[in-house]
Amino acid sequence: DGHSQLLATVVPNCVAYDPAYACELAVIVHDGLRRMYIEQEGIFYYVTCMNENYPHPALPEGATAGILKGMYLLRSGGRRKVRVNLIGSGTILREVLAAAEVLEQEFGVPADVFSATSYSELRRDALDAERWNMLHPEDPPRIPYVRELLGQYPGPFVAASDYMRIVPDQVRQWVPGRFHVLGTDGYGRSDSRTALRGFFEVDRRYVVVAALKALADDGKLDAATVRSAIERFGIDPEKPNPVTV
């Protein structure tokens, strides 16, 4: 259901999240109980939880607010001038973290990694800020949370999720830099997770290639580096676009 997170956004009182870790889920459920039960808000939640076993870290210090707003910095990369920013959601966050290690260890490109728990909440906040700015032209403008957060980090941005590209694309206009999105556009398949992530081009290999290509497009790397990565990972450049198969 690569479209379910998108469909959830069309319901005004639906609060949708795509957490990767148990700590994120705990924060979301706790806040949902507060809002729905204690505050009696007329809302309901749609939360996607995957049936995949993997280690879950403790709640990062200071991450609670960002989890609820829709995104927070999970891991900082090394200190080098040429760098990239990676954004992951749900189980694909683990592929993004793995891609960050490959980028730094094999290509010398440090990557800051963000966990995006809700693109729809990010979009609603940004639209609310734009509406306020339009109606208060003489006041200092409000800055959307996603722009305020990402604006602190130089370099292009690459986002990957288990959902259609249009889900992260909801915040494209507020991302302060080149924004490349990977997603599962196309018909569903029945296969192993590894095979499906390769088929839909959202695994760590494609995250690395997308990051290198974004840096090349910004003039920070040469195209030969991107080509060598494609060859190293055994990616077929002539492979059919998944959405057409």
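Cavities, then. A search of the whole of this predicted model turns up one cavity of 30 Å³ or more. The space in this largest cavity comes to about 60 Å³. Its lining is made up of Gln-5, Asp-18, Ser-89, Ala-116, Thr-117, Ser-118, Tyr-119, Ser-161, Tyr-163 and Val-167. Sorted by class, that lining has five polar, four nonpolar and one charged residues.

The largest pocket holds about 540 Å³ of space. It is lined by 21 residues, and the closest to its centre are Asp-1, Asp-162, Thr-184, Leu-196 and Phe-200. How does the lining of the largest pocket divide into nonpolar, polar and charged residues? There are eight charged, seven polar and six nonpolar.

The second largest pocket has about 300 Å³ of space. Thirteen residues line this pocket, and those nearest its centre are Glu-201, Tyr-206, Val-209, Ile-230 and Ile-235. Here the classes divide into seven nonpolar, five charged and one polar. Which elements each supply at least two residues of this lining? They are strand 7 and helix 8, the latter covering 204-217. The largest share, four residues, comes from helix 8.

Strand 7 takes us to the sheet. This is an open sheet of five strands, in the order 3-5-4-6-7, and the pairing is mixed. Strand 3, at 71-75, and strand 7, at 179-182, are the edge strands, each pairing on one side only. On average, neighbouring strands of this sheet are turned by 25° against each other, with direction ignored.

As a reminder, strands of a sheet pair through backbone hydrogen bonds, either parallel or antiparallel. Which applies to strand 3 and strand 5, parallel or antiparallel? Strand 3 and strand 5, the latter being residues 111-116, run antiparallel and are joined by four bridges. To pick out a position, Leu-73 has Phe-114 in strand 5 as its bridge partner.

A helix packs on this sheet as well: helix 4, residues 92-107. Helix 4 touches strand 3, strand 4 (84-88), strand 5 and strand 6 (157-160). The direction of helix 4 makes about 175° with that of strand 5.

Last topic, aromatics. A pair of aromatic rings is described by the distance of the centres and the angle of the planes. The structure holds four aromatic pairs. One of them is formed by Tyr-17 and Tyr-45, with 6.1 Å centre to centre and 15° between the planes. That pair counts as stacked, because its planes are under 30 degrees apart. Where in the chain do Tyr-17 and Tyr-45 sit? Tyr-17 is in strand 1, residues 14-17, and Tyr-45 is in strand 2, residues 44-47. The two are 28 residues apart, and the pair links distant parts of the chain.

To go back over the spaces: about 60 Å³ in the largest cavity, about 540 Å³ in the largest pocket, and about 300 Å³ in the second largest pocket.

Note on methods: Residues numbered from 1 in each chain as written. Predicted model: local features only at pLDDT ≥ 70, side-chain atom pairs only at ≥ 80, totals over all residues. Heavy atoms only, no water. 1 Å grid on protein atoms, 1.4 Å probe; cavity = no way out; pocket = protein on both sides within 12 Å on 5 of 7 lines; lining within 4 Å. Points joined across faces, edges and corners; volume = space filled by probe spheres on them. Nonpolar A, V, L, I, M, F, W, Y, C, P; charged D, E, K, R; others polar. Pairing = 2+ DSSP bridges. Axes fitted to C-alpha atoms, helices over the stretch in contact; angles between N-to-C directions. Contact = heavy atoms within 4.5 Å. Phe/Tyr/Trp six-rings, centres within 6.5 Å; stacked < 30°, edge-to-face > 60°.
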